[in-house]
Amino acid sequence: MEADTKETEETSFTIEPRIAVVGLGGAGCNVVSGFYKELAPVDTIAINTDKKALDETAADKKIYICKAVTKGEGTKGDARLGNKCARVHEDEIEKAIRGHDIVFLITGLGGGTGTGAASVVAEICNRNNIMTFTIGINPFSFEADCIQTAREGLRSIRAVCPNTFVIENDKILDLMPDATMKEAFRAVNRSIIGFVDETAERIASGIKVEILSIQKTGLMKEVAVDVPEIKISPGIKT
Ligand SMILES: Nc1nc2c(ncn2[C@@H]2O[C@H](COP(=O)(O)OP(=O)(O)OP(=O)(O)O)[C@@H](O)[C@H]2O)c(=O)[nH]1
Ligand SMILES: [Mg+2]
């Protein structure tokens with residue numbers, strides 16, 4: 001009888017991991033606004049060099065980087081500048097991120113802010129032992145000026161964040177050929193929100209299983225994370 005009670009107490013013990021979604025640059029901040037407005041159970045952090053875009057972003061925490069350098073107008077596609085701006089604000093970014101168990105970094109690839117800053121933020125996550133995923137958005141193929149920056153940026157992000165997934169803006173053109181740019185962005189952004197929600201849910205339940213297992217057996221159980229595919233669905237016109 002006594003043993004039964006003990007078992008019940010042990011198996012009912014769970015810990016919810018603390019999750020942050022961090023948006024970098026224009027695209028990343030747009031996705032973060034979606035999370036914030038959806039009241040998803042995650043902390044939202046927005047980081048940008050563009051003051052106006054950041055003011056229009058909805059997030060729990062906003063970090064405006066490098067006013068002195070960019071005058072609040074973004075980096076105009078200079079990823080080296082985006083990287084430098086993030087480095088200058090490393091302490092502030094680290095303070096906002098510390099204490100989370102899982103971080104999702106969301107960034108457009110091919111601009112300067114997100115492409116340059118993502119690796120800096122991923123490094124901060126690494127040194128705080130945070131499980132980190134990056135979702136990078138590849139620019140449309142007609143944005144020829146961005147392609148090289150996107151490619152190089154992705155390489156530098158992958159070097160510090162192996163769990164990096166890429167979503168192609170181009171894909172939405174097949175699904176919604178008549179969509180405006182705004183409608184296409186919105187559809188891609190919704191698909192990213194769905195992907196993060198689903199991945200976070202699977203990881204969270206994996207962690208709960210692990211904690212229950214440790215409680216019951218005293219042994220560590222490996223957490224297997226089966227990351228879902230990113231699905232893009234049309235019909236987001238609102
Ligand atoms: N899916 C999606 N893609 C976007 C969105 N906004 C921009 N993009 C794409 O992301 C790429 C990078 O753009 P931004 O995120 O605006 O760039 P940034 O990081 O702010 O960099 P700078 O403005 O150059 O400092 C663009 O070339 C677009 O293809 C968005 O809301 N959703
Ligand atoms: Mg920008």
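**Ligand shell and helix packing**

Helix H2 gives the most to the shell around ligand 1, with four residues. The model is a predicted one, in which local features need pLDDT of at least 70, side-chain atom pairs count only at pLDDT 80 or more, and totals for chains, interfaces and linings use all residues. Residues are numbered from 1 along each chain as its sequence is written, while chains are lettered from A and ligands numbered from 1 in the order in which they are written. Helices (H or I, at least four residues) and strands (E, at least two) are DSSP runs, numbered from the N terminus.

**Around ligand 1**

- Of the 26 residues around ligand 1, Gly25, Gly26, Gly108, Gly111 and Gly114 come nearest; a residue is near a molecule or strand if its C-beta atom, placed from the backbone, lies within 6 Å of it.
- Two or more residues of the shell around ligand 1 come from each of helix H2 (25-37), H7 and helix H10 (181-217).
- The shell around ligand 1 has seven nonpolar, 16 polar and three charged residues. Here Ala, Val, Leu, Ile, Met, Phe, Trp, Tyr, Cys and Pro count as nonpolar, Asp, Glu, Lys and Arg as charged, and the others, Gly among them, as polar.

**H2 with H10**

- The axes of H2 and H10 are 10 Å apart, and the helices pack at an angle of about 60°. Axes are lines fitted to C-alpha atoms, for helices over the stretch in contact, and angles run from 0 to 180 degrees between N-to-C directions.
- H2 and H10 are therefore oblique to each other (angles under 35 degrees count as roughly parallel, over 145 as roughly antiparallel, 65 to 115 as roughly perpendicular and the rest as oblique).
- H2 passes H10 in a right-handed crossing. A crossing is right-handed if the near helix is turned clockwise from the far one by less than a right angle, and left-handed if anticlockwise.
- Asn30, Val31, Gly34 and Phe35 of H2 make the contact with Phe185, Asn189, Arg190, Ile192 and Ile193 of H10; two residues are in contact if their C-beta atoms, placed from the backbone, lie within 7 Å.
- By class, the contact of H2 with H10 has five nonpolar, three polar and one charged residues.

- H5 and H7 have axes 6 Å apart and pack at an angle of about 40°, so they are oblique to each other.
- The crossing of H5 and H7 is right-handed.
- The axes of H7 and H8 come within 9 Å and cross at roughly 5°, which makes H7 roughly parallel to H8.
- The contact of H7 with H8 has five nonpolar, seven polar and one charged residues.

**Buried side of H8**

- In helix H8 (residues 144-160), the buried residues are Cys146, Thr149, Ala150, Gly153, Leu154 and Ile157. A residue is buried if 20 or more other C-beta atoms lie within 10 Å of its own, exposed if 12 or fewer, and partly exposed in between, with C-beta atoms placed from the backbone.
- These residues of H8 pack against helix H5 (79-88), helix H7 (113-127), strand E5 (131-138) and strand E6 (164-168).

**Positive phi in loops**

- Lys76, in the loop between helix H4 (67-70) and H5, has a positive phi of about 55° although it is not a glycine.
- Lys76 is exposed, with 12 other C-beta atoms within 10 Å.
- Asn129, in the loop between H7 and E5, has a positive phi near 55° and is likewise a residue other than glycine.
- Asn129 is exposed, with 8 other C-beta atoms within 10 Å.
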